[in-house]
Amino acid sequence: NFGWTRSHDVMFCGEVFWLVKECFWMLLIPWLSMPAGVVSVACICTAVFLRRQEPYHRLVPDVCAAVWLLSNVVWMFEEEWWDAPRHQTPWALTPIAGQQEALFSRWQSVIKVGFALVPATWGLCFALTAWPSLRWRRQLDAKSISVALTAYVATWAMKDLFWLVGWLWPALAADFATIVVLVWGGCVESGKGFAGLNASDAAWVVWTLSNFLWILCELAFEDSLLLRYSA
């Protein structure tokens, strides 16, 4: 029980630093976003390690989340090191090493693989978990539902993948799907429907809406500073 509590606390710490990383990445302040990203990856990978003896249907979604975050942080590093925004911020802190398209493109290919692995692995985990219960009982059992409640990991990674390759509408659709899954998961886990949604659920939804604005900023409005600050 202590191990579960400890891993839960470390995971929560990682999510907090993830939010800090996202905030300063949006604002293109690398000297704050990069350390926050490193701490976030360290915390979440540590939490996954502490949960290594969990059943696969609980462990795999956590591993997927760690791979997604690691890919996301690498994306942040290569963007802040080598990519210049079309509309520069007043503080003009990026790119740190000057614009280098060759390095930027090479690392983007690696990041795409990381993002693509997440929904593929999560989907395989869900299929392996759900198939026996669907085959014999024609309905999802508790294990399958617990995996389904983590579908936001897959949809968020898909959103990042579409965003990375510049597909506006698929990225926005995946972002909206993430909101739907988060709200549905909060309703199911609480057992009280919408009345059971709490501050944590609201924070995740607001975070996802922020990403919606950020996608529009980069893919539809050429790095608009107004949208960047709004996000």
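Pro 95 sits in the loop that runs between helices α3 and α4, where helices (H or I, at least four residues) are DSSP runs numbered from the N terminus. The structure described here is a predicted model, in which local features need pLDDT of at least 70 and side-chain atom pairs count only at pLDDT 80 or more, while totals for chains, interfaces and linings use all residues. Residues are numbered from 1 along each chain as its sequence is written, and side-chain values use heavy atoms, with hydrogens and water left out.

The peptide bond that joins Thr 94 to Pro 95 is cis, with omega at about 0 degrees. Ala 92 also belongs to the loop between α3 and α4. Although Ala 92 is not a glycine, its phi is positive, at about 45 degrees. Ala 92 counts as partly exposed because its relative accessibility is 44%; on this scale, buried means under 20% relative accessible area, exposed means over 50%, and partly exposed lies in between (1.4 Å probe, protein chains only).

Helix α4 covers residues 101-137, 37 residues in all, and reaches 54 Å from its first C-alpha to its last. That span is close to the 54 Å expected at 1.5 Å a residue, the expected span being 1.5 Å times one less than the number of residues. There is a kink in α4 of about 35 degrees at Ala 130, shortly before the proline Pro 132. The bend at a residue is taken as the angle between axes fitted to the seven residues ending there and the seven starting there.

Which residues of α4 are buried? Among them are Phe 104, Ile 111, Phe 115, Val 118 and Trp 122, together with Ala 130, Ser 133 and others. Just after α4, Arg 138 takes a positive phi of about 60 degrees.

Setting aside neighbours within four places in sequence, Asn 211 is in contact with Glu 22, Met 26, Trp 156, Lys 159, Trp 163 and Asp 175.

Charged pairs complete the picture. Side chains of opposite charge can pair when their charged atoms come close. The structure holds 6 salt bridges, each a side-chain nitrogen of Lys or Arg within 4 Å of a carboxyl oxygen of Asp or Glu. One of them joins the side chains of Asp 62 and Arg 51 (2.9 Å, N to O). This pair links distant parts of the chain, 11 residues apart, with Asp 62 in helix α3 and Arg 51 in the loop between α2 (30-50) and α3. Asp 62 counts as buried at 16% relative accessibility, and Arg 51 counts as buried at 13%.

Another salt bridge is formed by Asp 160 and Lys 159 (2.8 Å, N to O), both of which are buried. Arg 228 and Asp 223 meet in a salt bridge as well (3.5 Å, N to O), and these two residues are also buried. Arg 86 is linked with Asp 223 and Arg 228 in a network of salt bridges. Glu 222 lies in the loop between α8 and α9 (225-230). Glu 222 has a positive phi of about 50 degrees although it is not a glycine, and its relative accessible area of 46% makes Glu 222 partly exposed.

Methods. Helices (H or I, at least four residues) and strands (E, at least two) are DSSP runs, numbered from the N terminus. Contact means heavy atoms within 4.5 Å.
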